[in-house]
Structures are given as C-alpha cells and as structure tokens.
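Work through the exercises below on aromatic rings and their neighbours. Try each task before reading its solution.

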Amino acid sequence: MTDFPGLIEPVARMLFGEPNRHLSNPRELRFGNRGSLSIKIDGPHKGTWNDHEAATGGGVLDLIAREIGGDHRAAIEWLKQNGFPVEDNAPPPSRRVAAAYHYTDEAGELLFEVLRYEPKDFRQRRPDGNGGWLWNLKGVRQVPYRLPETIAAIAEERTIFIVEGEKDADRLRKLNIPATCNAGGAGNGKWRDDFAPLFEGAHVVIVPDNDDPGRNHAEGVARSLSPVAASVKVLELPNLPHKGDVSDWLNSGGTFDALHALAEAAPPWRPASPVRLPVVWFGDEDRQPPMAWLVKGLLPEGGLSTISGPPGTSKSFLALDLALCIAHGLDWFGRCVAPGPVLYVSGEGASGMMQRMKAWRKEKGDGSRAPFGLIPSSVNLYDDDAGASALIDDLKAHGGDLGAPVRLVVLDTLSRMIGSGDEDKARDINVVVGRAERIQRDTGAHVLIVHHSGKDRDRGMRGSNALLGAVDAAIEVSRDEASGIGEAKVQKLKDGSAPTPFRYVLRQSVLGVDEDGDDITSCIIDPTDANPGNAQGKGKLTDSDRIALDALDDAIGDTGTSSDSPGVPANVPRGIRIVRLSTWREYAYRKGIADGGDEARRKAFLRIRQKLQARFVIGCEGEWVWRARRE
C-alpha cells in the first residue's frame, strides 16, 4: 500500500524547490517569502498541507492536483512518471485530448509525448515499439521541448526564450521567437542539469510565470545554464496577474518587438549570495504585499499586542468583546475587522468566561454559530517550548478543521502564562515574547496578551517594560468608579497614529434564574459617547424608580457591608457600602415596587434595575449592588 503521507516532503521539494528555512521546523516545511504554504512532514498531521493565503489544504494528491491541474488520477500518474513508489496500475481516464506535444531527439526521432486534456489535465507517454503507448517515461531520455529547432537557433546565435510550458513555447514559435521548456512545468528536478551542454554558447532569456514556483524554477534553470551559456537573463514580465504567463502577456497586447525590448533591457542574471535573513531592497517596496489589518488602524494582521489595566477595569470583558466581534465579522467600536477564527486561552475563571460568552450571545449574537473557541487552561510560555508547540499544533489543527487559519489568539493573562518566570525581569518577559512571536510566526495569527497593570495607572503595565517595547499595539484600560465608564486608550501603535480613546460601559445581562430564584447575570461591553465623571442621565425618575432606590438605601443601611470585605469582586469600587442584589430585591418587593404576582414584580424590578444602572445611579457587579450617585 502506498505511503502517501510519507511522500509529501519529497513531492513538495520537487514542486516548490527549497523551503523557507527561516520559517520551517522539523515538523513542518514552509514555502514562499511569508511562509504561507505549510507542509506537515511529521506529527499527527503528517502528510497534509495548508495554503493560508488561499485558505485551502488537503493531502499529497490534492497538492499535486492543484499544481499540475486535474484530479487524483492525474496526481497518481504524475507520481509514477516522476519515479515515486505508487501501487496503482489504473489506465489514464478517457478525456478529450486538447493538444499533443512531441519531444524528440536531435535527429527528430520521437522520444515521448505530453498530452494536454480537457478538462485541464496532463499525461506523458512513450512509444512501446509496437505501434502503441506505455503511460510512463521509465528509461526514456529527457530532453527540452523542440530540441532540433532550439539547436538550430543557438547555431544562428539567436536568443532562446525558456518558458514554463509547451503552450507558451508554441505561442512564441508562432511569432518566430525560438522558445523551449522542459516537460512537467515548474518544480524542483523538472529542469535537468544534463540539458545544460545543449545550450553551450547560447544567449538565454528565462520567462517565469508570475508566482513563487515560477520564480524558483527560473532561478534553478539560470543556475544550471550560467556556467555554459554566453548570457543568461531572467525576465519577469510587467503587469501579469497572479500565476500569469507569457501567453497572458501576449493576450493583453504584448508584441514581438516589446518582448525583445524588455529582454534587451533586463540585467544579466547573477546568482544570489547566500544570506540568512530576508531583505527588501529600496525600490522593491511596492512589490511587497500592503499592510493588512485585523482591526483597521489598530491591530495589524499577524501582529502582537496587549490590553492592560488595573484589576477591576473590565479588560477581559473588552478582550472577549473584540475576539467575538472578529469571529462574527462585526465592526469593533466602529472599526472594520478582518473576520476569521479566534481561540481564547483563558487562564483565569473558565466558568465566568462561559457566562460572559452566553451574555454576549444573548445580547449581541444573531443566533448563528461562529468560529470562536475557548481554551479553559493556561499555557506555559516560559519554562520550555512544550506549551508554545502544543498551542501552535492546536491552532493549526483547529484552523484546518474550520477551513481557515486562526486570525486571533488571546492569552489571558500574562501572569498565568509565564510559569516560573518573573514579570519584573526583562529577561523572563523576553522569553515569553519570543514564544508569543513564534506562535504568531508559525500560525499567522495575531497574538493578543491580556496583562495587569498596577493601581497607579501612570506607571503603566505591571513588571518589566520589555513587553511594551515588543508589541505592535498596546491598549490601556481604565474605569471611572463614579460613573462606571470604561476608557481604552492606545498607549502605543507602531504603524499609524493612535486613535482617540474609545469608551464603554458594562451592561448587565440576565441569563436566567437559579434554584433560589436569584438572577444569573453577566455583563457585556456597550460603547458610549459619555465622558467619565459626566454621565448624568436625562429624564425624571418614576415613582417605581424612587421606591427601588429607597429600598436600596434601606437595604444598605440595614444589612450592607464594606466593599473592602474579603470575597468582594475586584471590579467593585473600594471604600463604599454594598449589599447583595437578592437583599435589595426583597426590600423592593416589600415596599410595593409593582402590583401583581411574583412574575410581575420580578420583571418590574429587572427593568428598573437595568434603567438605574444605565443611568449610572447604581452600580452592579455579580451579586453585589451599590449607590453610584444621588438623584
């Protein structure tokens, strides 16, 4: 039985050349300048691939079929023709032959044929000596296409154009331009070094297709011919679409004279010096992909950022709101987002996070599912590589299952991800940053770290400032205790100017009733235009509102406790009197907040409570309530 997973590494190297050595690792090869094509060569996903730009993936046969055209049958034939051990003897499918390309020796004797089928597919065959065909090239001499004509053109000192396919070579021949190619198109090993002596003394122009495999192929051909050819140039045609070729260029108005003029102006090919780090030369910056945003003007795609603030400032609520907006493709504080899968790593309070998810779904969701996943455990990014490696593998696996790479991973909080490290030591923070950058680099996801700051806001994030120095964007969160308004300011933004602060309130959401009849609540983020300390509501309070407030004052006076007491949530302002929500409800019922039965009173109390909270007359956090200001 054929070991297809074991074939993916040599197949990938044959199709795409050498991988990006800076982004590859022992379990995965990365191809392309940005490593967008990943090939799993070891581990639980061995034998699979994922193109993160095209959001496609599959097994080795899918990869071959994508590159050569056709289906799995064509991919199996390709494997057999290129010497891979494949146990499959099925004949080629019956399809319409669109073209037959004859490969001959110097004397014009047929060696083999390449057949182009419709729908697009390619097969190779050789004469069997009895008037029939054998559908493989075992033992057949490989030669360039149109070899006799190419040899004649070299003898006449005409420039030879080397393209990627027979169709392009024939197109140039119709314009009286000598052109050739190798069988099988671009890919490592397709152009054979034993072709080189045939081009001794030739003037050669190599015209690649407009994609990374094409450019890599052109470099390989140039390296092969430069020791023997009189001159070698690589001509990248202007204004080609992605994967476009010389035929596309001619279709858009290219001419004989224009092609020769471009070839004349092209510089001689020089082998690239071996370098270890990528570089973009001045003048080539326009050829680089434009900057892409995860959140427009705030968080770059594939970047590193932080949300920080003192305890009780709702920074985790804010991070969750951001994450769910990206998963749902919703604008965040009026800013466009790039939608996609999100993984939220919660090291603190998984049950509370799930309540917050339920509240968001109830208040902001539309009933549909979204690619958002909660990982209810911490990940150690300090003591060794195991935590980062496991998270990377899981992110890729989830992305594969969802059919799209994960765009955002949230690490909440840094203190739960640093293991035995010390937040105050720059060396330890740099270890965590390095592993966060590895997660970012290997998955393409933006990494958002939620971090505490001290109570003194002017001192910024807690611990070493090495984290602030490493991130692309830093958001600092604060909360006005009197009004309850939260404010998020952009403390740092590498690219662009910092936007104006965005403000919000925590709006309570009732999720149900527990076995004692008490409301089960959580909160969601609501943007607001109000300013902290200036959030007075409009309109008079009703008689029922006054009854509820009198009941709250009585409940606090009779049974209230200090917010500094043990067990009170950090989000509750310090140094005030608070009371349990259930106690306030009982006092309100006794004072006659509404006529009717229990259900009528419960609904009336809920409506009044939400109104008073929205006007910042009261504050609520979990089971606790307090007076925020006097009406």
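**Exercise 1: a charge over a ring**

Find the ring that lies under the charged end of Arg601.

Solution. The charged end of Arg601 sits over the ring of Tyr589, 4.3 Å from the ring centre. The criterion: CZ of Arg or NZ of Lys within 6 Å of the ring centre and within 35 degrees of the ring normal. Arg356 has its charged end over the ring of Phe317, 3.9 Å from the centre.

The model is predicted: local features need pLDDT of at least 70, side-chain atom pairs count only at pLDDT 80 or more, and totals for chains, interfaces and linings use all residues. Residues are numbered from 1 along each chain as its sequence is written, and side-chain values use heavy atoms, leaving out hydrogens and water.

**Exercise 2: ring pairs**

State how many aromatic pairs the whole structure holds, then classify Trp78–Phe84 and Tyr589–Phe605.

Solution.

1. The search finds 14 aromatic pairs. Rings of Phe, Tyr and Trp (its six-membered ring) pair if their centres lie within 6.5 Å; planes under 30 degrees apart are stacked, over 60 edge-to-face, the rest tilted.
2. Trp78 and Phe84 have ring centres 6.0 Å apart and planes at 20°, so they are stacked.
3. Tyr589 and Phe605 have ring centres 6.4 Å apart and planes at 80°, so they are edge-to-face.
4. This pair links distant parts of the chain, 16 residues apart: Tyr589 is in helix α15 (residues 581–590), Phe605 in helix α16 (residues 598–614). Helices are DSSP runs (H or I, at least four residues), numbered from the N terminus.

**Exercise 3: burial**

Are Tyr589 and Phe605 buried or exposed?

Solution. Buried means under 20% relative accessible area, exposed over 50%, partly exposed in between (1.4 Å probe, protein chains only). Tyr589 is at 14%, so it is buried. Phe605 is at 1%, so it is buried.

Technical notes. Helix = DSSP H or I, 4+ residues; strand = E, 2+ residues; numbered from the N terminus.
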